[in-house]
Amino acid sequence: MPQPTNDTAVSRPDLSQLVSEFRETAMTAAIGGRVMPYFPVSEQSAEFPVIPKEVMLKIPDTRRAMRGGYPSGDWEFEMGFYATKENGWEERIDERERKLYARLFDAEAVATQRAEKIIQLSKESRVANKIFSASNFTPHAVTNEWDDADNATPIEDVKAAKKAVRSACGMLPNTLIISYSTFLDLKSCAEIIDRLLYTFNMIDMENLTSKQLAAIFDVEQVLVGGAVYDNADKGQDSSIADLWDNEYAMLTICSQSQDITDPCIGRTFVWTEESPGSGEPVVESYYETTKRSDVVRVRHDSDERLIKSYDENGSVKSDIAAAVSYLLSNITTK
């Protein structure tokens, strides 16, 4: 294991492995990386190609005249833009504290997990605020809130949303994004229970999984945003709140491809010069002599970007994210 020196940060793959193990347990509620998958890039900011919405469904004349050439496309890519920003957090491990509590816990492991969680929650918040947003997407209010167990019709609501997405872009959405609170409401919804009992005989509703819910809604995946945070001011009693607003649900297309032109709601562009590898946060450490402390740092250089193209004046030309998405609102009674 590399030893941190005074004020010189060194990479800590051993702590990165610890972070990965931690993420598989306590951080499974974070879904931002699946909503906007990582896309490694070699430049901090650049353009990327976007297929214009209007060419996706055109049916050109494909006939060839004898001795003539074959028809071919003459459309051009439009361009989107990303610019990554660095987010990071440091945790200090005082030498005296480390020795005092060595028999109780691994101070370095705890510090790394805390820094990692802060970075992950920061990313999750950025994604959630872009997806569950009436500024970025047109909200469509459902007639009966999904927490109205007897009268809610979420299956019919999603079916109508699916038709709307298909009409807008010609593709079927593959992902339903809901908050954890909405997930609990759906487990009590009469329409869902009736369909599940018919589809999965003898199912235990308390152990309902997101995969079973996806089968009911006929989508590839249901992503449940379970991340929470403390929204109280410093010095005030804690007030735990959901990162994913239970007022909304999003039906959309999330890409599972590394083809940048694949139409989808968004991607997380990660600058590989600052965040090497697959795009996961970097873990480093260094030693502060004046404070007799090891410092663990977790950092990430990314841009969570909705897929759109822009003209020379910076105005949106093709809003692909909106075309492949349908924001359902009025999901719960507030």
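Me: What volume does the second largest pocket have?
Reply: This is a predicted model, in which local features need pLDDT of at least 70, side-chain atom pairs count only at pLDDT 80 or more, and totals for chains, interfaces and linings use all residues. Residues are numbered from 1 along each chain as its sequence is written, and side-chain values use heavy atoms, without hydrogens and water. A pocket is an open set of points on a 1 Å grid over the protein atoms alone, with protein on both sides within 12 Å along at least five of seven lines, and a volume is the space filled by 1.4 Å probe spheres set on the points. For the second largest pocket, this volume is about 190 Å³.

Me: Which element gives the most to the lining of the second largest pocket?
Reply: The lining (residues with an atom within 4 Å of a point) has 13 residues, with Arg34, Ser210, Val222, Leu223 and Val224 closest to the pocket centre. Helix H6 (180-187), helix H8 (210-217) and strand E8 (221-225) each supply at least two lining residues; helices are DSSP runs (H or I) of at least four residues, and strands (E) of at least two. With four residues, the element that gives the most is E8.

Me: What is the volume of the largest cavity?
Reply: A cavity is a set of grid points where a 1.4 Å probe fits but cannot get out. The count comes to one cavity of 30 Å³ or more. Among the 11 residues lining the largest cavity, Val50, Ile51, Thr261, Pro263 and Ile307 lie nearest its centre. Its volume is about 60 Å³.
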